[in-house]
Every structure is written in C-alpha cells, then in structure tokens.
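Subject: Handover of a structure and notes on its packing

Dear colleague,

Please find below the structure that I am handing over to you. My notes on it follow, and I would ask you to read them with the model open.

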Amino acid sequence: MTNPGPIQDAFLAETEAQPGLINGAQRTITEEYTDRLLDLGLMARDIFPGGQIGAWGTGVPMHAGHVNAGDGPSFDDFHEARFITETAIARFTEAGASDNILHQAWLWNGYSYRILGEWWCDTVLPTRDPTDTSPSEYIPGTTDPYFERAVESFTQALSYATNADQRNAALAGRASAHLWLGNWSEAYADADAVDDTEFTSVVRNDDSETDLYNYLAEANSGTFRSYTVDFTWYKDYYEDTGDPRVPSEDSEEFPFGVGSLTGFGQVPYRPQLKYTSRTDPINLSSYWEMQLVKAEAILQGADSGDPEDAMEVINDVRTRSGVEMDALPTNVSDAEAWEHLKRERRIELWLEGRNAPDERRWNEFGTPGEIDIPEWEDPEHPGYTPHFASNPRGLDGGPLCWDIPTGERDQNPNVPSIQEGS
C-alpha cells in the first residue's frame with residue numbers, strides 16, 4: 001500500500017475524511033490520558049511509588065505527587081484535541097455532515113474541555129473559532145470556563161444523538177461538568193437520565209504501539225514494576241473486604257519494585273489488578289459514576305436533599321451484581337454521608353485519573369467528611385520517607401492539579417511568567 005501523502009485542506013470535510021478528524025482527536029486523548037494516570041494516581045495516593053524514573057516511571061518529585069510551578073504535561077495535547085474537534089465541528093457543520101459524526105465531534109470536544117478543567121489549576125481559554133489565532137484568554141484561580149464549555153459541547157452532542165448510547169454519553173459528560181460548576185439540580189437530572197447499567201464512555205487503549213498502551217498496566221508489569229499498592233488505604237481495604245473494584249495481590253515472583261525510592265530504598269511490590277492488559281480501556285464516564293453524581297448532588301441539596309436518600313443511592317452502587325458489598329447504614333449524619341460518598345467515589349474511580357481532581361473539587365466547595373489519605377510524611381507511617389515531607393503533593397504543595405506550562409507562559413502574552421506570579 002502506498003501512502004497518498006498529505007490531503008488537501010479542501011477535502012477534509014468530505015464524508016470519507018470526516019472520521020479521520022474524530023479519530024485524530026480520540027488518539028490524542030488516548031495517548032495523553034493514559035500517559036498521565038500514573039502521575040495522577042501518585043498525586044491522589046491511590047498507589048505508592050516504586051522508585052522507577054526511567055521507562056514507564058515518573059520524575060522524582062512526582063513520586064511524592066509533587067507538581068512544580070510551570071509543570072503542565074499534556075496541556076498542549078489536550079488543547080490540540082480541543083482544536084481538532086472544533087475544526088471538525090466547523091467543517092462538518094458547513095458540509096452538512098451526519099448527526100452521528102457531529103455527535104462524535106461535539107462529544108470529544110466536551111471531554112477535551114472536561115479533562116482540562118479537572119487536571120489544571122487555571123484556565124487558558126481560546127475562542128471556539130479554530131481560525132482565530134489571537135492569544136487565548138487567561139483566567140487564573142478557576143477552571144469553571146472549561147466546564148462551561150464542556151456543558152455547551154455535551155449539550156450539542158446530545159442534540160445530535162441518534163441512539164441510547166450516544167444520548168447516555170452526552171448526558172453523563174454533561175452531568176460531571178455540572179457537578180464541577182455547582183449546578184446540583186442539573187447534575188442530578190442528567191445523571192438520573194442515564195438509564196443503562198452497562199453504559200461506559202472510555203479511552204480505548206491498543207497494543208499496536210507503545211503510545212496507545214494502558215500505561216498503568218504496562219508500568220505495573222513484571223518488567224517495569226514502577227509502583228505498588230503497598231502502604232495505600234486500598235491494600236488494607238481490599239484485604240478486609242475483597243471489594244472487586246480495587247483488586248491487588250502480593251507478587252510471588254517479584255518481591256520488590258524495579259527502582260529504589262529516594263530515602264526509602266527498595267519498595268515491596270504489590271501489583272494492582274484493575275488493569276492487567278495493555279488494551280484495557282479506562283472509563284471517562286459510567287452509569288455507576290452517575291449514581292454517585294446523584295448522591296453528591298443530593299448532599300448538596302438537589303432532589304430531596306436528604307442524606308438518607310443519598311445513602312440509598314450509594315448502596316445501589318455497592319450492592320450491585322458483580323460488586324455485592326454489604327449495604328451501609330442509611331440513618332447517618334450529613335458529615336457521615338459525605339464521608340461514605342467520598343470513599344465510594346474514590347473506590348469506584350480508582351486509577352481512572354479522577355480522584356485527585358475530586359479531592360481538589362471537594363476542597364474548593366468546602367464539603368465535610370474525611371478522605372482516606374495515608375500520611376506518608378508521618379515518621380510513624382510504614383510508608384514514610386523524608387521525600388514525601390520535602391515534596392508535598394499538588395502544585396508546590398497546594399491544589400491537586402497541573403500548572404500552566406512554561407512554554408505557554410513564554411508564548412502567550414496574556415499568561416504571566418512564573419516570576420511574575422500566576
């Protein structure tokens with residue numbers, strides 16, 4: 001087969017070429033989403049670092065979940081996915097493309113914005129016109145504008161949905177964006193409208209090339225052993241309950257991770273078993289996440305606003321077929337209901353790149369209820385190393401998110417340099 005070379009710009013909106021733009025955006029999201037899961041898992045303390053800094057590992061600060069100023073990996077790539085889909089939307093709308101292809105363009109545009117909102121600390125917002133080359137607006141201290149764009153995009157995707165799966169995907173994406181914006185009634189309504197217990201929207205990984213591997217599966221393999229479940233809350237919880245959502249086991253073949261953690265030495269190796277293949281997909285949205293969106297919205301005053309009703313929804317998640325955990329008491333205080341909600345969401349979304357952002361969101365809204373975060377800075381903790389104390393997790397020990405990268409600061413006159421403050 002001969003590569004035909006570059007396609008002329010005028011033909012990109014042709015029916016035969018349209019899937020290429022959608023696939024390009026999806027590929028960009030797949031490459032970067034899975035690539036960042038190890039970082040975000042360490043930031044959330046879902047996993048403990050094995051000390052690997054080479055292939056399928058992380059940098060030394062990130063072993064502790066620490067983000068330096070100007071550190072914003074994948075920022076350009078998710079904006080690239082946003083740009084590709086907005087280019088597709090403009091071209092496809094003008095060409096009169098099918099509802100199916102327009103649904104996909106708007107859906108992946110919505111996910112691009114949602115990821116930017118969940119993973120970054122500040123907003124850099126371009127216009128929606130892909131031909132507008134003016135510098136993007138800088139909005140410090142909030143990522144709400146990303147979520148507002150996500151709501152708009154998912155709403156458009158919903159208007160083009162041609163089947164139940166497409167409808168559920170748009171509703172679920174929009175519900176999660178509403179949750180970040182504090183639109184509790186809207187989040188509840190959208191989540192409640194997702195009606196298929198098997199529904200998921202996923203990042204689809206592939207073993208045809210390394211860029212598309214499930215990073216957590218590969219980094220967890222016997223060859224790389226970049227991290228462990230030892231010293232996390234999830235290890236003890238799994239051993240106590242057997243909850244199938246957070247599986248792990250000690251390795252009989254490999255007693256230690258492949259690297260050596262600063263200030264700790266060799267780390268005991270206990271692999272997670274949620275992802276065991278390079279091709280395992282990663283959820284972006286699911287029916288069961290939507291149930292927890294409903295529970296959280298109830299605790300924020302949506303629907304009945306009754307903690308007992310929120311607990312009933314949480315128990316639906318816990319006791320479902322395939323999980324079958326014991327139901328929790330429903331006659332609880334508001335703070336206790338929040339604690340259960342946070343725990344269930346962290347279990348349900350374990351290693352999906354959502355737990356660190358969720359913690360940041362809960363902090364921003366000032367919600368009650370403790371979170372099961374191990375204190376690895378405490379000399380009494382078995383996972384203690386001074387490295388954690390000297391590299392506090394989050395952006396310079398602050399919010400659990402990425403910074404605007406130095407490259408964007410240097411090129412965009414609207415974004416101050418690190419020296420100027422952000």
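Contact here means heavy atoms within 4.5 Å. Please also bear in mind that this is a predicted model.

I begin with a residue in a loop. D403 is found between strand 8 (394-395) and helix 15 (406-411). Is D403 buried or exposed? With a relative accessibility of 3%, D403 counts as buried, because buried means under 20% relative accessible area. Leaving aside neighbours within four places in sequence, D403 is in contact with V67, N68, A69, G70, D71, G72, W120, D122, L395 and R409.

Two further buried residues are found in helices. S153 has its place in helix 5 (residues 144-159). The relative accessible area of S153 is 0%, so S153 is buried. Not counting residues up to four places away in sequence, S153 touches W106, N109, G110, Y113 and R128.

L42 belongs to helix 1 (residues 18-44), and L42 is buried as well, with a relative accessible area of 3%. Residues up to four places away in sequence aside, L42 touches I47, F48, P49, T58, M62, H63 and G65. L42 and F254 are 212 residues apart along the chain, and their C-alpha atoms are separated by 21 Å.

I turn next to the nonpolar cores. In soluble globular proteins, nonpolar side chains tend to be buried together. The largest nonpolar core in this model has 111 residues. Which residues have the most contacts inside this core? They are Y33 and F92. Not counting residues up to four places away in sequence, Y33 touches F78, I115, W119, V203, I282, N283, L284, E352, G353 and R354.

The next subject is the packing of helices. Two packed helices are described by the angle between their axes and the distance between the axes.

For helix 6 (residues 164-181) and helix 7 (residues 184-193), the angle is about 155 degrees and the axes are 8 Å apart. Helix 6 is therefore roughly antiparallel to helix 7. Their crossing is left-handed. Helix 6 contributes R167, N168, L171, R174, A175, H178 and L179 to the contact, and helix 7 contributes W184, E186, A187, D190, A191 and A193. By class, this contact of helix 6 with helix 7 has seven nonpolar, two polar and four charged residues.

How is helix 11 (residues 307-318) placed against helix 12 (residues 334-348), and at what angle do they pack? The angle is about 25 degrees, with the axes 10 Å apart. Helix 11 is therefore roughly parallel to helix 12. Helix 11 passes helix 12 in a left-handed crossing. The contact is made by P307, M311, I314, V317 and R318 of helix 11, together with D334, A337, H340, L341, E344 and E348 of helix 12. The residues of this contact between helix 11 and helix 12 divide into six nonpolar, one polar and four charged.

Finally, helix 9 (residues 233-241) holds the buried residues Y234, K235 and Y237. What covers the buried residues of helix 9 includes helix 11, helix 12 and helix 13 (355-365). Helix 9 is followed by G242, whose phi is positive, near 70 degrees.

With kind regards

Technical notes
Residues are numbered from 1 along each chain as its sequence is written. This is a predicted model: local features need pLDDT of at least 70, side-chain atom pairs count only at pLDDT 80 or more; totals for chains, interfaces and linings use all residues. Side-chain values use heavy atoms; hydrogens and water are left out. Axes are lines fitted to C-alpha atoms, for helices over the stretch in contact, and angles run from 0 to 180 degrees between N-to-C directions. Helices (H or I, at least four residues) and strands (E, at least two) are DSSP runs, numbered from the N terminus. Angles under 35 degrees count as roughly parallel, over 145 as roughly antiparallel, 65 to 115 as roughly perpendicular and the rest as oblique. A crossing is left-handed if the near helix is turned anticlockwise from the far one by less than a right angle, and right-handed if clockwise. Ala, Val, Leu, Ile, Met, Phe, Trp, Tyr, Cys and Pro count as nonpolar, Asp, Glu, Lys and Arg as charged, and the others, Gly among them, as polar. Buried means under 20% relative accessible area, exposed over 50%, partly exposed in between (1.4 Å probe, protein chains only). A nonpolar core is a set of buried Ala, Val, Leu, Ile, Met, Phe, Trp, Tyr and Cys residues joined through side-chain atoms within 4.5 Å.
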